[in-house]
Amino acid sequence: MWTSIKRVIKAGLVNFYRDGFVSLASVLIMTVTLFVIGGVLFLSATLQASLEDLKSKVDVNVYFIASAKEVDILALAGSLRTLPEVRGVEYISRAEALQNFKKRHERDELTLQALQELPDNPLGAVLNVRAKEPSQYEGIANFLKSDSALGSGTPSIIDEVNYYDNKAAIDKLTGIIRAAERMGMAFALLLVVVSISIAFNTIRLAIYTSREEIGVMRLVGASNKYIRGPFIISGILYGVVSALLTLALLYPLTYYLGDSTEAFFSGLNLFRYYLAHFGEFFLIIAGSGIALGAIASFFAVRRYLNV
Amino acid sequence: MISFNKVSKIYSDHSAALDGISLTIQPREFISIVGHSGAGKTTLLKLILAEERPTSGNVFFDSTDIHKLKRSKLHQYRRKIGAIFQDFRLLPNKTAFENIAFAMEMAGRPDEEISADVPYVLQMVDLGDKMWNFPHELSGGEKQRVAIARAIVNQPDLIIADEPTGNLDPINTYDIVQILKKIHTLGTTVILTTHNKGVIDSLKKRVVTMEKGRIIRDDPTGKYVL
């Protein structure tokens, strides 16, 4: 058993080396495929980062009437935080709201003077609510409108929830984000499928050149396993070499693109992302290379084993 | 050892390559099969190697019906046969040594045996000095001798030689026939197909003559008559 495994591996290595040109062509095509897979990983990362950035810019503000008690507001904030769809709640007290207002109108003497005329701080407290997904704002808004937010019977302390003003904008953004995600994934999937089938075909052609040898091996009494083994080893070797090549090529490429992507995609530096996620990249690219080489070889040889 | 029982083989174009052949080959026999191209000689050998299946009839090797063997068991059966072809059928990216070692590896022989036996059979076919050459570096006669070495290295019960001298000059032809005779005297059954009158006449062994898929003559010590 061990002897035949050793012989199969040795034959695979020797064939890889002796069919140098065929191996080179297969490795290059496979490198392109793995490059596409790597590209798709980066694409989904940038897409994800941009969408996260967009999503984080959306929030819903709950304005309270000026007479609302802080305890009640904090209680409401507490119950909002228990909702599974809520990512975070920020409390802005009446005093803070006034400060923010003053800051915003620094240059506007008239408004500031008008504010001075008032006996009391006219501004109510505000809760800024961020949901995990933009589509969840509606549920949060409905929760605020319902009695359950504040125990039934008590008069509402909520002055206004601006979700209803922003509803159209939020809905549109949700739609755009969903469409972008779907299109991005579909496009990526298409690219991956196309490049995998090209790699598959290349390996098939490489083995096509050996079809007569496969027949000869059958006639001198070789078992199917023994014939297939070395081809699969060569296929795995194509995968390993092209994965290493791809990973090596991605290094200077992301380095070159790193700064410009950082400026463009809201702080995602491809180079740093690549280094931080190198383990995952290594596993995915080397794994797909090896699997692709082995599976393609397996099926390609099978065609010629019918002697 | 081999027996054909009313075997017919009809290819898809409805022309019969073999037409109701019955033939028995005894162990340790040296049998030559002659006939024009298309007479069915090669089809006969392909049936023995289980490369083709008969349309009707049975082919037996000892007591096993060859074409009832499972595809996954065929390779074990084929190890009992050494095959030699007109076009040599060596593995192009393996050296002479590796081509022969390959057949031994298939049979599961240990490495020590391989490194001892391969040089021995290569010496036997007079190719000791070309052990590390690739097939494309060898002449036709040399390639055929490598093929013979590969066929005999596992000491098969039967050697099938399908026009082994078809691509060779007279001197190489003579050498190859001498090697086949030697293998036969060591106790192996040999089935030879050929067009070469000189080869047949010098052998003075059993000759089966085929024409249009039928056996038209079977002489125990025959001559080449067509």
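How many residues does helix α11 of chain A have, and how far does α11(A) reach from its first C-alpha to its last? Select residues 278-303 of chain A: this helix has 26 residues and reaches 37 Å, close to the 38 Å expected at 1.5 Å a residue (the expected span is 1.5 Å times one less than the number of residues). Helices (H or I, at least four residues) and strands (E, at least two) are DSSP runs, numbered from the N terminus.

Before moving on, a word on the model. It is predicted, with local features needing pLDDT of at least 70 and side-chain atom pairs counting only at pLDDT 80 or more, while totals for chains, interfaces and linings use all residues. Residues are numbered from 1 along each chain as its sequence is written, and chains are lettered from A and ligands numbered from 1 in the order in which they are written.

Next, go to where the chains meet: 15 residues of chain B are in contact with 15 residues of chain A (C-beta atoms, placed from the backbone, within 7 Å). On the chain B side, α2 (74-78) and α3 (96-106) each supply at least two residues, and α3(B) gives the largest share, 3 residues.

Now colour the open sheet of chain B, whose 6 strands run β6-β7-β8-β3-β9-β10 with mixed pairing (two strands pair if DSSP finds at least two bridges between them). Its edge strands are β6 (81-85) and β10 (214-219) of chain B.

Finally, zoom in on β9 (residues 206-211) of chain B, which pairs with β10(B) in the antiparallel sense over 5 bridges. Here Met210(B) stands opposite Ile215(B).

Conventions:
Contact = placed C-beta atoms within 7 Å.
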